[in-house]
Amino acid sequence: MVTQQRQLDNGLRIVVIHDRQATRAAALLRVDAGSLHEPAEWPGLAHLLEHVLFAGSHNFRCDERLMAWLPARGGRLNATTREADTAFFFECAASLLPDALRRMSDMLAVPLLEQQAIAQEVATIDAECRLLADRAETLCDAALTAAFETHPWQRFRVGDRDHFGEDAAVLQQALRQFHRDHYRAENCTLWLQGPQPPDELWQLAQDAARLFSANDMPPDDRPLSVPGDALQGERLLSVPGDGLHGDRLLSAPGNVLNSHWLHSVPGDALHGDRLLSAPDESQCSEPRFSAAGVAGISPLPGLRLSRQRRLTLRLPAGECLRFAFLVDGRFAEEMTLLRQLLLDEAEGGLMAALREEGLADGVRLLLPYQSPQQQLVCFEFIGGERQDGVKLAARLHHWLGQLALLSETQRAHYAGLALRQFSRQAPLEQLRARALAFPPPGHSIGSTLAFPSPGHSTGSTLAFALRECETDRWLALLGQFSPQGMISLIVTDRAVDARQTQQGFLLALAIESEKPAELAESAESADNAAPGRLRFFPQAQRSTPIVLPDNAVALPHHGLHPPNDTEAAVLLLSPILPLPAPWGDILLTALRPLAGSLAHQGGELLFSNQQGLWLLQLSAPAALMQTALAAINARLNNLPAAALGAGQREAQRRRGRDRGDIAVRALLAEFPALLQESAGSLSDDVFPGGVWQAALYGGSEALHADLARLLTAFPAAVNPPLQVPDASAAAVNLSSQVPDASAAEVNLSSQVPDASAAAVNLSSQVPDAPAAAVNLSSQIPDASAAKENLTSPEPSTSATDKVGAAGIQATMPFYRGVHRSVTTDSREHALLLFCPLVEQSTECLAAWQLLAACYAQPFFQQLRVEQNIGYAVSCRFYQAAGRCGVLFILQSPRVLVDELAGRIEAFLQGMTPQLAALTPQSLAARSASLLGELAEQPAGAMAQSLKHWLQQRYGQDDLSAAHFSRITPPQLLAWHRQLIAERAGWWWVNNATQDRFVAGES
């Protein structure tokens, strides 16, 4: 992975990352202006501008704008407004990068900013503000602002209808002025990442920068094209110093990309790739350009601590402790290293000690405030049977003191683990890490970064990487974590009488001054807290002889494609039936120390819950894999009592968090369990019994034979005769179907999984790319459903099934199907409608994906833009707990649940004439987009094994071009009509009482 940067003559900074193994590309443009730059009389203006920019630009309007164009082609996009910057980003197939980048640069440089779009987004932000008022993370961050002297960060900055006012023309002028002042080339940095050669990426970046070249003119006066030669020159880049080493200069000669400013160093022992680095100046970290700021824009004021730094916040979702420290200076890579050390799950580490004492079940490192000059670093400790703030603070300070004693070799080892986790992320998540928070250690400009894989040492790569984490910078960071400067925030569900308004949110928040006696006690406790108890790696590992059982299970053995002798084998284990509620968390807790220790030895252990389907993946060199499997057997055969308790507490916390989360997230979190009601599950008193299935990917025949014998000691029946997966079964490429945006890998050590969490990496705490899981072989169709002729006419419907012009009927008898209600704390109205496949066939699977692709943009346009029902509007192909179908998501602050259901029904009825007018050319374009996603092949043994497990699990034929080409527009229309006709199989899930619905089938 080659990383290079330049600054163009118009001031725009560019970073390109060439990843020759990638199949997808990503772009991110960061504007160095956020909510702290907006005028005091316009709170939320920066956030509103972020929204309105997506509404259209001079050259791309309506369906051609990025917001409509990219999702229709399988891409994903988003934006975020933070205190000091705003970022816009997308990911797409590599071939779409030029067209997508043109749309993004156009919308940022020459937006329309029309009053109608502004009014629509004001309503959207008003709904978003209501959502955030129920979000625990938002309220905790707001509470922390009370520990500082008066500062703009404490102001309301989300925006709402009241603050934006009713004068559309005045608001439009304020937006135009803010855009003119801040969205200038010299205030922007563009990141591009993809498999394209560096020369091609540079050219794309220059083309994107042309609209910014005349950024001193009003938007309506800017040229829509700029001569190419206006951007050819580069300037000398001055990299701001860190206060420790002074400024550095990085010279980027004219148009030479590779020949003058890169040189090679000895080959990397991991993969034989060369490490390319700039000379001494390569030690600077991108994107440290010379950017003194835009003329006329004042620098941000610094945060200053007050003496009132003991905070207690009441939230219904449970208990945690936050210890926060204000850090002067920017320590990007050092923060990544700090987080990796904090999240270490191995025995002898901080988290193992805290769990043993009952002080905490999990931890997170957060950065709730970042500016060019300062960061607020927050250690959050979650749960614990005997949580004690004084003891926790003492253990934390003792641990921080130990970090100052780490050797360069130890820091290199942990940086290597961080690089391995970074490499597993999707391109978009990698760019967000580089540009916003927690970049990979050692991502030097002009360098090739070779990622260590399981089974390989990290030291040779990270001796190079540690130029970014030099000892003096590391010690400068640690020196700012003093007890005297610590903020403590206790989050509790107990009553708090005091009320404070912070960032516009009314909080049950008590504020106290720090007591000198307690500070002294904390400092003294830190000095005496278990000296010498904590362990840091690498450490010499003792080999334990493995006794192999005499018997063996029938273990399928699959090859990797293409064969790769350098990658470790992967063993997969999964239960046939769903695990009952607390057992997934119990297993996660029990396996966590093993996963941490294995990571330090070059192995990898993951335990994934992909929308209700659990999977264990183990990857390591042959000898280590045998030792690890034996340790897994021993741990699961004799589960520690502490793991049982911690797992049950985590399950309870997750339910509490889900209940207090944004309503649609709470519904999505609960939906897989609801779908499993009819699938059957193991009872609480028999786990870990039942039947599990296992398979080996890669590895030698000798390793295969040894693992097959070790699996007989697993605490459940593995691959009994009737359960052996058919190795010849054809497979559906499920991992590369339409990505499920709700599925995401979860940071295990944070213990605060996303409500829609799909996969948890036990040995890495960095979220990976979204994971999707579809069980195509157990759709459990309604018994009354029968396969119909695809060319059959539209099913007849009674008058009571018709929806009027308003989209709502008083009695709504069409809500047939399964109805479920989920309790949430949200005051808004949320609804999911899941329309599963009507038959178990590859033809139906292909048709449902095409229907979801055809529904998605019109659904968003009609309900989010035109009807403006609320912030959360989505339609997509969805899979969970062994079933797949089309999922509709709505949430509104004002529209009731039954009316939301009526609007979905009206939408589906209205799609009939649209699909009837669908041309073969348009359908072919939809099919080509889906096939492009299906053709993407995962890289690495872990990803390949996951894909094949999904294929084996669901027993479906591989989707191909033939399956899509056989679907004509009339046939797709017939499938649409059949989806509507099979209402008895629909699932309605809402966050209100079930009596909101007219009685139907359940």
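# A tour through the predicted chain

Start by selecting leucine 12: at a relative accessible area of 1%, leucine 12 is buried (under 20% relative accessible area; exposed is over 50% and partly exposed in between, with a 1.4 Å probe and protein chains only). What you have open is a predicted model, in which local features need pLDDT of at least 70 and side-chain atom pairs count only at pLDDT 80 or more, while totals for chains, interfaces and linings use all residues. Numbering runs from 1 along each chain as its sequence is written, and side-chain values use heavy atoms, with hydrogens and water left out.

**Stop 1: around leucine 12**

Leucine 12 sits in the loop between strand E1 (2–7) and strand E2 (13–18). Helices (H or I, at least four residues) and strands (E, at least two) are DSSP runs, numbered from the N terminus. Which residues is leucine 12 in contact with, leaving aside its neighbours within four places in sequence? They are Arg6, Gln7, Ala185, Glu186, Cys188, Leu190, Ala209 and Phe212, where contact means heavy atoms within 4.5 Å.

**Stop 2: zoom out**

Show the whole chain, with its 27 helices and 32 strands. Of its 1002 residues, 60% are buried. Among contacts with a separation of 6 or more, 82% are between residues 24 or more positions apart.

**Stop 3**

Next, select Phe88, Phe90, Met104 and Leu192, the residues with the most contacts inside the largest nonpolar core, which has 57 residues. Helix H3 (residues 97–109) gives the most to this core, with seven residues. A nonpolar core is a set of buried Ala, Val, Leu, Ile, Met, Phe, Trp, Tyr and Cys residues joined through side-chain atoms within 4.5 Å. Centre the view on phenylalanine 90; among the residues that phenylalanine 90 touches, not counting those up to four places away in sequence, are Ala25, Leu66, Arg76, Leu101, Met104 and Leu428. Then move to a second, separate core of 48 residues, which includes Ala847, Phe888, Leu923 and Leu979.

**Stop 4: H22 and H24**

Leu923 also belongs to the next selection, where it is one of the H24 residues that meet H22. The axes of helix H22 (residues 842–866) and helix H24 (residues 920–935) come within 10 Å and cross at roughly 110 degrees. H22 is therefore roughly perpendicular to H24 (65 to 115 degrees; under 35 is roughly parallel, over 145 roughly antiparallel and the rest oblique). Axes here are lines fitted to C-alpha atoms, for helices over the stretch in contact, and angles run from 0 to 180 degrees between N-to-C directions. Show Gln849, Leu850, Ala853 and Cys854 in H22, which meet Leu923, Arg926, Ser927 and Leu930 in H24.

**Stop 5: H1 and H4**

Now select helix H1 (residues 45–52) and helix H4 (residues 115–132), packed at an angle of about 120 degrees with their axes 9 Å apart. H1 and H4 are therefore oblique to each other. In H1, His47, Leu48, His51 and Val52 meet Ile118, Glu121, Val122, Thr124, Ile125 and Glu128 in H4.

**Last stop: alanine 324**

Finish in strand E12 (residues 320–328), at alanine 324. Is alanine 324 buried or exposed? At 0% relative accessibility, alanine 324 counts as buried. Select its contacts too, including Leu144, Leu376, Cys378, Met486 and Ile487. Leucine 365 lies 41 residues from alanine 324 in sequence and 9.7 Å away in space, C-alpha to C-alpha.
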